[in-house]
Amino acid sequence: MLDIKFIRENVDIVKNAIKVKGVSCDLDALLKLDEKIIANKTEVQGYQEKVNALSKQIPVASDDDKKKMVEESKNYGDKIKALEKEIEPDLKKYNALLMSVPQIPDPSVPVGADDSENVVIKTNGEITKFDFQPRDQMELTELNDWVDFDHIAKVSGARIYALKGELARLEVALHMYVLDKLAKKGFRQISCPSLCKIDALFQAGHFVGDDPSVMDNDVYKIEKDELCLAGTSEIIINALHQGEILNEDDLPVLYAGYSPCFRREAGAAGKDTRGLVRVHQFMKVEEFVICKNDIEESKKWHQVLQNSMEELCADMNIPCHVLEACTGDMGFNKIYMTDVEAWVPSQNKYREVSSTSTIGDFQARRTKLRYRENATGKVQYCHTLNSTGVATPRFLVAFIENNQNADGSVNIPEKLRPYMGGVEKIGGKK
C-alpha cells in the first residue's frame, strides 16, 4: 500500500504505474474521496475543539450558563456523530481504492504488457547436450516408477501427484540442501502452516483491492472457517510481525520458510500442466527478508536472494538464465522482480524455477511493521523482499532431465550426494 501523502504529491507517477502495470484503479475517484474525507475530518475537528473549550468552561460557569453550555456541547456532539456516520460508506470505498493502487516500479524496469516482453539479463551454463535421445520428465518418471498420477487422481483429483521411491527422497534432499545453504547465510528456518486468514493475503499485496472474490481462481478457500490455503509461506511470514516496532539492530530479519503450498491455477491449461510442471500442491522453501527502509539495502538483498537460485542451478548442473520482469508481468506489489529460469531439454526452452521480488514498504504499510532508527529515534516502515529457495516438484523436472543418462538413470551431482546417502545416480533400466 502506498502512502496517501505520496499519492497526492505524485499523481502523474502513480497514474503511470497504474498504466504500465495494467491495473484497474480509479485514482481520480480516490483523490476526490480523499478531499471529502479531509474536509469531513476538518469539520469534525472544529466541532471537537468547541466541545473541548466548553468542557473547560462548564465547571466554572453560572447555573444558567452551564445549562446552555451543556446543551450546546450536546448539539456539537450530535453533529460530530452525524458527520462520522455520513462518512462511513465513503471510508469503505476509500480503503478499497487505496488497496487497489499498485507499487511504483523502479525506473529501470522495462515497460511491457506480459511475460513475452521480459528481458534476459544473464545466462549461466551451456545448454545440456546429449549423445542419445533424451527422455522427458514423463518418460523418466514412468520408466523408474517415480510418480503416481492415476491412483492419486482417484483419491484427490486431477493435477495432484505422489512422488515415490528415489524421487521422493531426492525431493527431501534438495530441500535439506537449500535449507543448509541458507542457514550458512544467516537465514533462520521456519516451518510455516498453510492455513491463513483472508486478511493475510491482502496484507501481502498479492491481490488488487479488498474484495475476496478476486482470489477465486487462485486460492483454495475454507469458507466455514474463513481461512485459506496459502500459495507460499511469504504470506505467513509477512504477517508474523504485524503491528510491531523493531529495533534497527534487529534488522535484517532473514527467514527460510518451509511449507506445503496450494494453488488452484484455475486458468491454466494445455501442455504446460502436463506432469510435474504445474500442480495444485507442492513443497517450497521461501526466502524472506525484512530490512531497513533504504533502496540500496533492498538492492543488496535482492542480489543475495537471486544469487541463491543461480548457485543452486550451478550446483545441480542445470543451465539457467535470469530475466528482468517487465511492468506488466512483475506483479501488483513489486518495485523490481527477476526470474531465474532453468533449461528444460524436452521443451527446448527455459522454464521459471524462481522469482525474486523487491517490495519496498508496500507490505509493511499493510501490516504496520516498523522499526526505530538508532540515530534519530524516528519510526520507519520496513522494506521486505522474497524469493523462491526451491519449489518442488517443478525444480525436479529440470533436475532429472538435465542429469539423465541413456539408460534412464539420473546422475546425482557431487554436492547433493551426502543428502542422498552417497549414491551417484538413481533409477535406470534394471
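Me: What makes strand β12 the place of Glu341?
Reply: This is a predicted model. In it, strand β12 covers residues 336-344, and Glu341 sits in that strand.

Me: How do you know that Glu341 has no salt bridge?
Reply: Look at the nearest side chain of opposite charge. That is Arg351, 6.4 Å away. A salt bridge needs a side-chain nitrogen of Lys or Arg within 4 Å of a carboxyl oxygen. The distance to Arg351 is 6.4 Å, so Glu341 has no salt bridge.

Me: Why is Glu341 called buried?
Reply: Buried means under 20% relative accessible area. Glu341 is put in that class, although it carries no salt bridge.

Me: Why is the link between Glu341 and His321 called a polar contact?
Reply: Their side chains are joined at 2.8 Å. The cut-off for a pair of N or O atoms is 3.5 Å. The value is within the cut-off, so the pair counts as a polar contact.

Me: Which residues does Glu341 touch, leaving out those up to four places away in sequence?
Reply: Pro319, Cys320, His321 and Leu323 are among them. Touching means heavy atoms within 4.5 Å.

Me: What makes up the secondary structure of the whole protein?
Reply: There are 12 helices and 18 strands.

Me: How many of the residues are buried, as a percentage?
Reply: Buried residues make up 50% of the 430 residues.

Me: What share of the contacts with a separation of 6 or more joins residues 24 or more positions apart?
Reply: That share is 73%.

Terms used
Residues are numbered from 1 along each chain as its sequence is written. This is a predicted model: local features need pLDDT of at least 70, side-chain atom pairs count only at pLDDT 80 or more; totals for chains, interfaces and linings use all residues. Side-chain values use heavy atoms; hydrogens and water are left out. Helices (H or I, at least four residues) and strands (E, at least two) are DSSP runs, numbered from the N terminus. Buried means under 20% relative accessible area, exposed over 50%, partly exposed in between (1.4 Å probe, protein chains only). Lys and Arg count as positive and Asp and Glu as negative; His and the chain ends are not counted. A polar contact is a pair of N or O atoms within 3.5 Å; within protein, one must be able to donate a hydrogen and the other to accept it, and residues adjacent in sequence count only if both atoms are side-chain atoms.
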